[in-house]
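Please examine the sequence and the model below.

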Amino acid sequence: MSIEEGLVVHKSSSDLRVETRIGVVVRCSLRGKLRAAGDGRSPVLVGDRVEISLTSEGEGTLERVLPRRNVLGRSTAGGKPVVIAANVDALLIVMAARDPPPRWGLADRMLASADRDGFEAAICINKWDQIDMAPERGELLDTCELYRRIGYPVLTVSALRGDGIDEVASRLGNKVTVLSGHSGVGKSTLLNRLDPSLSLTTTEVNEVTGKGRHTTTAAALYRIPSGGHVIDTPGFREFMPSDIPRTELWLHFPEMAGLEGACRYKDCLHREEPGCRVRAALEEGKVPRMRYESYLRILESLPRS
Ligand code: GDP
Ligand code: ZN
């Protein structure tokens, strides 16, 4: 029996697959003791570095999960945290230019959360072909510029036409990047562009609701030609930075955290408090109003401790 090191590339309730160092994907079963040793949630995650033993039939048994550098989580509507993936370097927030419409408020939640967890984050606007001639193009370009000024890379892409794919590939580099975004924004199409051999199924966006059906059911990790890995996860819809204390949320908005000077009150939440530095910067146009409003909405959604 040989022990090999590998990377968990697929995991659902019934299926665990590990890619070995030489790039072979092995279907694995969990050892009973490992299953029981978890924290009650998931003892093994996509992105985990693991040791497996190989059976003569080419199947594997997961022997050990190696120590994790970090985990990426989200919380469900009920506020219960769920861990999604391990050993993540970066987050790529994918939105569509028009169908479905970009949800910047959701992007702001993810950006704050990524900052809190120490991942770098970037935004990718796909389906740029949909607004080539459209009147909303100018407004969307302005919004992209607003995020770039804050310091977030914004990539404009058409996965359908192949525009901007090289920029995406170079951003992914050899890192482990989580793709997040609603179903229907074109994540699978984008992955197929990055590596046509993946041949992922894509869904038609429903004409009436504008939402695609959920075809991605399990978190999966794909190796891409640049040498990096991309994790595609379902259910980022309810993604919330649930464990950011309310008084610290603003620190994860770089344009607020980077302001010089201080608010009069040390625990200022930057709402109606007198002597608030953030509100002053808002009036001066140094903090974009849409980001400030997003901040207020997220603040309201965080539990009061
Ligand atoms: P996912 O749910 O995020 O994986 O989205 P899919 O990749 O399944 O794409 C959803 C729909 O959007 C499909 O009908 C795709 O053909 C379409 N789509 C994906 N990328 C583009 C694009 O760049 N432009 C246009 N016009 N449609 C796209
Ligand atoms: Zn303040």
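In this predicted model, a backbone N or O atom of Val185 lies 3.5 Å from an oxygen atom of ligand 1, a polar contact being a pair of N or O atoms within 3.5 Å (within protein, one must be able to donate a hydrogen and the other to accept it, and residues adjacent in sequence count only if both atoms are side-chain atoms). Taken alone, ligand 1 exposes 580 Å², of which the protein buries 91%; accessible areas come from the Shrake-Rupley method with a 1.4 Å probe, and for residues only the protein chains shown count as cover.

Residues are numbered from 1 along each chain as its sequence is written, while chains are lettered from A and ligands numbered from 1 in the order in which they are written. Local features need pLDDT of at least 70 and side-chain atom pairs count only at pLDDT 80 or more, whereas totals for chains, interfaces and linings use all residues, and side-chain values use heavy atoms, with hydrogens and water left out.

Which residues are the closest to ligand 1? They are Asp129, Gly184, Lys187, Ser188 and Thr189, in a shell of 19 residues (a residue is near a molecule or strand if one of its heavy atoms lies within 4 Å of it). By class, this shell holds four nonpolar, 11 polar and four charged residues, where Ala, Val, Leu, Ile, Met, Phe, Trp, Tyr, Cys and Pro count as nonpolar, Asp, Glu, Lys and Arg as charged, and the others, Gly among them, as polar. Helix α5 (residues 187-194) gives the most to the shell, with three residues; helices (H or I, at least four residues) and strands (E, at least two) are DSSP runs, numbered from the N terminus.

The zinc ion is ligand 2, and its protein donors are Cys263 (SG), Cys268 (SG), His270 (ND1) and Cys276 (SG), at 2.1 to 2.5 Å. Donors are N, O and S atoms within 2.8 Å of the metal (3.2 Å for Na, K and Ca); water is not among the atoms, so sites may look incomplete. Along the chain, the donors of the zinc ion follow the spacing C-x4-C-x1-H-x5-C. Why is the arrangement tetrahedral? The four donor atoms subtend angles of 100 to 115 degrees, which makes it so, since four donors count as tetrahedral if all angles lie between 85 and 135 degrees.

Turning to the strands, two of them pair if DSSP finds at least two bridges between them. Strand β1 (residues 2-11) runs antiparallel to strand β4 (residues 49-54), joined by six bridges, and Leu7 has Arg49 as its bridge partner in β4. The hairpin of β4 and β5 has five residues between the strands, among them Gly58 with a positive phi near 85 degrees. Strand β5 (residues 60-65) also pairs with β3, in the parallel sense, over three bridges; here Leu30 stands opposite Leu62. Strand β3 (residues 25-30) is in turn antiparallel to strand β2 (residues 16-20) over four bridges.

Two backbone details remain. Most residues other than glycine have a negative phi, and most peptide bonds are trans. Lys127, however, is not a glycine and has a positive phi of about 60 degrees; this residue is in the loop between β9 (120-126) and α3 (137-150). The peptide bond from Asp99 to Pro100 is cis, with omega near -5 degrees, and Pro100 lies in the loop between β8 (90-96) and α2 (104-117).

Conventions: Four donors count as tetrahedral if all angles lie between 85 and 135 degrees; four count as square planar and six as octahedral if opposite donors are over 155 degrees apart and all others between 65 and 115; anything else is irregular.
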